[in-house]
Amino acid sequence: MEEPQDLPEQPVKKAKMQESREQSLSHVSNTEVSDQKPESSSLGPNLPMSSETSTTNASPVSTSSTVVNISTSAVASISQEYPTYTILGQSQYQPCYPSSGFGVVTPADSNTDSTALATTTYPTEKPNAMVPTRTVQRHSSGDASTSPSLSKATASKDLDEQTRKNIPGRNRGKRKADTTSSQDSELERVFLWDLDETIIIFHSLLTGSYAQKYGKDPTLVIGSGLSMEEMIFEVADTHLFFNDLEECDQVHIDDVASDDNGQDLSNYNFSTDGFSGSGSNANHSSSVGVQGGVDWMRKLAFRYRRVREIYDKYKSNVGGLLSPQKREALQRLRTDIEVLTDSWLETALKSLLLIQSRKNCVNILITTTQLVPALAKVLLYGLGEVFPIENIYSATKIGKESCFERIVSRFGKKVTYVVIGDGRDEEVAAKQHNMPFWRITNHADLVSLHQALELDFL
């Protein structure tokens, strides 16, 4: 990609936290405005923190009643740059889908809403718009389990596969297909969300660019960002094995599930199993196993399985992971960020929850934060119930375009995809896949998005 990539979403490596504190405070006056975006982290009534935590009494600025006049000059400039590429959020939404469409096929076992589904049309994907799924080589191999040619495999190929599985190494096993549910076959629209500066404000808090753009107190803004960053890493390290998994990052929670033998982990001691996620420890006992080997991969898979269990258990009550003091601190911090960002998160949540309420739609999160810190961030911002863990992808190592490929492989080409974000990388990836893109740069864009959803334009 020729255009410069957006900076990876925070949090950054925790070893650099102190450095980020010093640099953020010293460079706030020189911060660029272009990378900012307002966010808020309100505690909505649908996302309780904890039964032990008091309700937030902050009164954030409401944006639900704001009527936004969408500029036609903006769509003109965008249309010139991408004449064949639809940008949402312009021209009162009418052109967000092409006029040509296909009839939605009602599932054979569906007994409800069949009439509505059968009479609705949605745009077809261009046959040449889909880029073939790219094999992603990590600690496990590529997307063989999702390949359409899997059913045509011959006996000799099966034998080759079995032989390959018996060879220790980083690419020993094949990646398990992304988790799907019975509802996936009934989906009509998939909304692909960016996280930082789209749903939440985080990166621009740390850099001070949000304070500069919106005339906020830089000391309060940067301090809030650093406090949230510290809490994110505390949860990631203490509860989600980030010390072990930082160098073993995955795109999706199930990427190493095929290496999990299903062992009962009730009494498993992770602290004494000898696992090391770093390749620097060469003097480990033979019981640990070679990094990338069968035993090592099994222990890696155990950790990601436990991460899933913890996420699922605390997704609606992250306060249960924290001490009473930390719980209260998180409550105050989220309230402060909500006020500082003028209810950014509350505004974004309106669209997220509206999409979630539709049986034929789903929210997918694609972030450039590493997977484990991203999960901690989602929990701490109160978004666990909005994004099930199987709907969260990290693009840190493979990029958003490759993440889009995986998601299309999971949900198919007959659904309509809508990309929502602030960065150039997701915009270019959306264009590559011929997906409409809704740009988020300020509160008004979030309000317009919600209006479009309410009017069923999206």
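Reader: How many residues does helix α7 have, and what span does it reach from its first C-alpha to its last?
Author: This is a predicted model. Helix α7 covers residues 218–239, which is 22 residues, and it reaches 31 Å, close to the 32 Å expected at 1.5 Å a residue.

Reader: Which residue caps the N-terminal end of α7?
Author: D217 does, with a side-chain oxygen 2.9 Å from the backbone nitrogen of T219.

Reader: Turning to the largest nonpolar core, which residues touch the most other members?
Author: They are F191, W193, I199, M228, L300, L383 and F387, out of 78 residues in that core.

Reader: Which helix gives the most to this core?
Author: Helix α9, residues 294–314, gives the most, with 10 residues.

Reader: What does F191 touch, leaving aside residues up to four places away in sequence?
Author: Its contacts include I355, R358, C361, V362, N363 and I364. V418, I420, L453 and L458 are also among them.

Reader: Which residues does the second, separate core include?
Author: That core has 22 residues, including L187, V362, V408 and A429.

Reader: A change of topic: how many disulfides does the count come to?
Author: The count comes to 0 disulfides, taking 2.5 Å between cysteine sulfur atoms as the cut-off.

Reader: Is C248 buried or exposed? And C403, buried or exposed?
Author: C248 is buried, with a relative accessible area of 0%. C403 likewise counts as buried, at 0% relative accessibility.

How values were computed. Residues numbered from 1 in each chain as written. Predicted model: local features only at pLDDT ≥ 70, side-chain atom pairs only at ≥ 80, totals over all residues. Heavy atoms only, no water. Buried < 20%, exposed > 50% of the residue type's maximum accessible area, 1.4 Å probe, protein only. Helix = DSSP H or I, 4+ residues; strand = E, 2+ residues; numbered from the N terminus. Expected span 1.5 Å × (residues − 1). Polar contact = N/O pair within 3.5 Å; in protein donor to acceptor, adjacent residues only side chain to side chain. Core = buried A, V, L, I, M, F, W, Y, C linked by side-chain atoms within 4.5 Å. Contact = heavy atoms within 4.5 Å.
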